[in-house]
Amino acid sequence: MSRFLISSFILIAFVLQFGEGSIAVQEVKDGEKVQIELFKGAKAIQRSVDAGEQIFHFEGENKGVFVDANGKAIDSSNYEENNGHLVIKKFTKADVGSYSEYPTKIIKTKTDHGFSGVAAPVLKLSLQ
């Protein structure tokens, strides 16, 4: 019985950590300006693109800059912050990927037996 409980807990933790609650998909024309407004109040946005995982910071030391997994700043001249939203000035193939709030927010709902939760929304951007 205890193995079942431990396995269930691990499975639930895995789904909450890596699951995607809702996915929005947007097709963008090459060179088009894109304003990402889905993550209101986010302190950072994480994106997963061909170049790897990158985080755009809205505040702090790296404000207005994409940083890779190693903490190295990436040329962000094509990106800007506008009233708490990420703006991609000219969308290119390098911007194709998924975008989510960082750190991942879990939306929880109380139930009779505890709580249930899903990861916050994900926006997938692709070329039209």
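Analyst: The largest nonpolar core has 17 residues, and those that touch the most other members are Val34, Ile36, Phe39, Leu86, Ile88, Tyr99 and Leu125. A nonpolar core here is a set of buried Ala, Val, Leu, Ile, Met, Phe, Trp, Tyr and Cys residues joined through side-chain atoms within 4.5 Å. At least two residues of this core come from each of β2 (34-36), β3, β8 and β12 (122-127). In soluble globular proteins, nonpolar side chains tend to be buried together.

The model is predicted: local features need pLDDT of at least 70, side-chain atom pairs count only at pLDDT 80 or more, and totals for chains, interfaces and linings use all residues. Residues are numbered from 1 along each chain as its sequence is written, and side-chain values use heavy atoms, with hydrogens and water left out.

Some terms come next. Buried means under 20% relative accessible area, exposed means over 50%, and partly exposed lies in between (1.4 Å probe, protein chains only). Of the 128 residues of the protein, 28% are buried by this rule. Helices (H or I, at least four residues) and strands (E, at least two) are DSSP runs, numbered from the N terminus. The protein has 1 helix and 12 strands, and its elements run α-β-β-β-β-β-β-β-β-β-β-β-β from the N terminus on.

Now to one core member. Leaving out residues up to four places away in sequence, isoleucine 36 touches His85, Leu86, Ile88, Tyr99, Leu123 and Leu125. A contact means heavy atoms within 4.5 Å. In the protein, residues 24 or more positions apart account for 57% of the contacts with a separation of 6 or more.

The next topic is the sheet. An open sheet is formed by 7 strands in the order β1-β12-β9-β3-β4-β5-β6, with mixed pairing. Its edge strands, β1 (23-28) and β6 (73-74), each pair on one side only. Two strands pair if DSSP finds at least two bridges between them. Strands of a sheet pair through backbone hydrogen bonds, either parallel or antiparallel.

β12 shows both kinds of pairing. With β1 the sense is parallel, over 6 bridges, whereas with β9 the sense is antiparallel, over 4 bridges. Leucine 125 in β12 stands opposite glutamine 26 and opposite glycine 97. Leucine 125 is also one of the core residues that touch the most other members.

β9 and β3 run antiparallel and are joined by 5 bridges. The bridge partner of serine 48 in β9 is serine 98. Strand β3 also contains glutamine 46, which counts as buried because its relative accessible area is 18%. Leaving out residues up to four places away in sequence, glutamine 46 touches Glu53, Gln54, Ile55, Ser98, Tyr99, Ser100 and Tyr102. One of these, Tyr99, is named above among the core residues. The side chain of glutamine 46 makes a polar contact with the side chain of glutamate 53 (2.5 Å). A polar contact is a pair of N or O atoms within 3.5 Å; within protein, one must be able to donate a hydrogen and the other to accept it, and residues adjacent in sequence count only if both atoms are side-chain atoms.

A salt bridge is a side-chain nitrogen of Lys or Arg within 4 Å of a carboxyl oxygen of Asp or Glu. The whole structure has 2 salt bridges. One joins aspartate 95 to arginine 47, with the closest N and O atoms 2.9 Å apart. This pair links distant parts of the chain, 48 residues apart: arginine 47 is in strand β3 (residues 44-49) and aspartate 95 is in the loop between β8 (85-88) and β9 (97-101). Aspartate 95 and arginine 47 are both buried.

The other salt bridge joins the side chains of lysine 89 and glutamate 80 (4.0 Å, N to O). Lysine 89 counts as partly exposed because its relative accessible area is 35%, and glutamate 80 counts as partly exposed because its relative accessibility is 31%. The bridge partner of glutamate 80 in β8 is valine 87.

β7 and β8 pair in the antiparallel sense over 4 bridges. They form a hairpin with 2 residues between them, and asparagine 83 in the turn has a positive phi of about 55 degrees. Most residues other than glycine have a negative phi, and most peptide bonds are trans. Asparagine 83 counts as exposed because its relative accessibility is 68%.
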